[in-house]
Amino acid sequence: MYAQMVDTGAKRVRAAEEMDADERAFQERIDRGVKIEPKDFMPEHYRKTLIRQISQHAHSEIVGQLPEGNWVTRAPTLKRKAILLAKIQDEAGHGLYLYSAAETLGISRDQMLADLHSGKAKYSSIFNYPTLSWADIGAIGWLVDGAAIMNQIPLCRCSFGPYARAMTRVCKEESFHQRQGYDIMIALCRGTPEQKAMAQDALNRWWWPVVMMFGPPDEQSVHSAQSAQWKIKLFSNDELRQRFVDQTVPQAEYLGLSIPDQALKWNAQRGHYDFGQPDWNEFFEVIKGNGPCNRDRLATRVKAAADGAWFREALVAHAAKHQAPQAQKAA
Amino acid sequence: MSSEWPLWEVFIRSQHGLAHKHVGSLHAPDAEMAVNNARDVYTRRNEGVSIWVVRSADITASSPGDKAPLFDPARSKVYRHPTFFPMPEEVKNI
């Protein structure tokens, strides 16, 4: 997902008897559905895991602007260009909400950005794939944002207050993203045979990377179990993946596109689609930094930060100079 | 000089007649930029008619540990709520 394979520092999930009093009270509070706020007691691993998860999520929103930015100057109409700009601006906003939520846990914004730029912090594997045609912008909105929504809606109910509130804001804005993507796909699929072929090509290239976004099967993962106990992960990777496939297949059928999976078949007994496994080796390679665009994405981020440094510093100098006569009345 | 921009808390009045409500926070070098950034980050869809920004460092918050001494005294004073006083059915407009 936008946060993939988040390390919880746990070797196994501990039972209530093994926790100390503070930790037990903390877990009971989570079990009762009471939100944890920044100043409340929390186990160190919970804090660190959330910093990893929220910052990874924030980095994904920020880096996620880059594949789409590739098409701003080449959008087919002024209207599509304005819409794409608005979407990209939303992604920046989502990144900012999430950075703020992470900062309440005691990490600074500068530290998070430094970790992204050094390669220490991760972002979602999906943004390391290239956007080769305009149809990719449609496929990203429809599939990538569709998959993101699937993960983010449950997170609105997660145990950490600032994260849940940030997610609520993000979810309100995200369905615009998915719809604008599907709208691009509809336009292409109702267009010329060449345009429809572009849409099919985009689906062919994005399908498996999107299926991988949910992360590897996690039934055996101790981190997933720990995150579930802390209510910062509410459904397993496989549950969300199944839900995504079930939801997306009819949408592809409406477009008259075919999903590039030979194993895809409705299973009447289960009431779900059966589907094939993605190439998990590819996923782990992308996570390690060997995807098609990893180096380019990071280099672009680092360059943007470096090129803007003089301006950010100038603003601080300006603020320091004008600090005194800065008493505006509240409206 | 690489000092981090200070953190600001953002409050938005969503429509005239309503109070400003806390919506989140952001970094900005000064108050003017904080208002500008708040406009971009928190009001992209007509969410507001007015923005307040306050330096986070200037906010004094009660601590979770003081919850009992601060808020428990009010618990026993249920008579502060109108529903504490049952009114006879026949009596109207009260």
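Mentor: Let's start with a rule: two strands count as paired if DSSP finds at least two bridges between them. Keep in mind that we are looking at a predicted model.

Trainee: Thanks! Why are strand 1 (residues 7-13) and strand 3 of chain B called a pair?

Mentor: Six bridges link strand 1 of chain B to strand 3 of chain B, in the antiparallel sense. The rule asks for at least two bridges, so six bridges make strand 1 and strand 3 of chain B a pair.

Trainee: How do you know that strand 1 of chain B also pairs with strand 2 of chain B?

Mentor: By the same test: seven bridges join strand 1 to strand 2 of chain B, and the two run antiparallel. Trp8(B) illustrates both pairings, with Leu26(B) as its bridge partner in strand 2 of chain B and Arg55(B) opposite it in strand 3 of chain B.

Trainee: Which residue takes a positive phi in the hairpin of strand 1 and strand 2 of chain B?

Mentor: That is Gly17(B), with a phi near 100°, in a hairpin that has six residues between its strands.

Trainee: What makes strand 2 and strand 3 of chain B edge strands?

Mentor: Look at the order first: the sheet is open, has three strands and reads 2-1-3 in chain B, with antiparallel pairing. Strand 2 (20-27) and strand 3 (50-55) of chain B each pair on one side only, and that makes them the edges. From one strand to the next, the twist averages 30°.

Trainee: Now the two chains. Why is the contact between Glu173(A) and Arg44(B) called a salt bridge?

Mentor: The N to O distance between these side chains is 2.9 Å. The cut-off is 4 Å between a side-chain nitrogen of Lys or Arg and a carboxyl oxygen of Asp or Glu, so the pair qualifies.

Trainee: How do you know that Arg44(B) and Asp90(A) form a salt bridge?

Mentor: Their closest N and O atoms are 2.7 Å apart, and that value is within 4 Å, so the pair qualifies. This pair runs between chains, from the loop between helix 1 (31-42) and strand 3 of chain B to helix 4 of chain A. In total, four salt bridges link chain A and chain B.

Trainee: How much area do chain A and chain B bury between them?

Mentor: About 2100 Å², with 52% of it on carbon and sulfur atoms. Lys39(A), Arg169(A) and Val316(A) lose the most area in chain A, together 22% of what that side buries.

Trainee: What is Arg169(A) in contact with?

Mentor: Arg169(A) lies in helix 7 of chain A. Leaving aside neighbours within four places in sequence, its contacts are Tyr97(A), Val23(B), Tyr42(B) and Glu47(B). His94(A) is 75 residues from Arg169(A) in sequence, and their C-alpha atoms are 8.1 Å apart.

Definitions and conventions. Residues numbered from 1 in each chain as written. Chains lettered and ligands numbered in written order. Predicted model: local features only at pLDDT ≥ 70, side-chain atom pairs only at ≥ 80, totals over all residues. Heavy atoms only, no water. Buried area = accessible area lost by both parts, 1.4 Å probe. Helix = DSSP H or I, 4+ residues; strand = E, 2+ residues; numbered from the N terminus. Axes fitted to C-alpha atoms, helices over the stretch in contact; angles between N-to-C directions. Contact = heavy atoms within 4.5 Å.
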